Amino acid sequence: MASVVRELRVDKIAPGGEGVAFVDEGGERRAVFVPDVAVGDVVRAEIDLASKPARGRVTELLTPGGGRAEPACAFARKCGGCDLMHLTGDARREAYVAIVREVMPPAYRGTLPAVHAARSELGYRTRARVHVHAKRRLELGFLGAGSHQIVEVPACVVLEPSIDAARAKLAEYLRGA
């Protein structure tokens, strides 16, 4: 049995930004990882049960969960830098806190320090890893989601503007190298 279509309710967001839902298949409860969903979303998904862990692909959004947002970046689904850009700011903060809480030892899960939100939803990042590939032509950008392919991004909306401006000049500096 390679793939099945099931209705899923997204319970949480995993590190890496995929939603986690559960499906009962053959008397076994399995986690299914689904990209581009929010907690509470009810979706119809095509699920590859042969993969470990099981992976799903949304074929229809049945009921939105409330934490969904249209990404502020046109490259969000191609570029691998912003795993949670498909969530609202509040949903993103809740997902980060839940992820940290889950990896903490049980005795400390209730004692998480205060959450310090970024000063802005965009333009807050002060670090980025830029990749360069120079064979026939210079490619400079970020690694694509789940791949080693370079995605060339003219402007990164989450980078602090002065850092993004410096990143944009790298191709000019490297040309001919």
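Analyst: Strand β8 (residues 138-143) and β9 pair in the antiparallel sense over 2 bridges, where two strands are said to pair if DSSP finds at least two bridges between them, and where strands (E, at least two residues) and helices (H or I, at least four residues) are DSSP runs numbered from the N terminus. Within this pairing, Leu 143 stands opposite Ile 150 in β9. The model is a predicted one, in which local features need pLDDT of at least 70, side-chain atom pairs count only at pLDDT 80 or more, and totals for chains, interfaces and linings use all residues. Residues are numbered from 1 along each chain as its sequence is written, and side-chain values use heavy atoms, with hydrogens and water left out.

Seen as a whole, the sheet is open and has 3 strands in the order β7-β8-β9, with antiparallel pairing. Its edge strands are β7 (131-134) and β9 (150-151), each of which pairs on one side only. Strands of a sheet pair through backbone hydrogen bonds, either parallel or antiparallel.

Helix α2 (residues 161-174) lies across β7 and β8 and runs at about 155° to β8; such angles run from 0 to 180 degrees between N-to-C directions, with axes taken as lines fitted to C-alpha atoms, for helices over the stretch in contact, and contact means heavy atoms within 4.5 Å.

For another example of antiparallel pairing, β5 is joined to strand β6 (residues 54-63) by 7 bridges, and these two strands form a hairpin with 5 residues between them.
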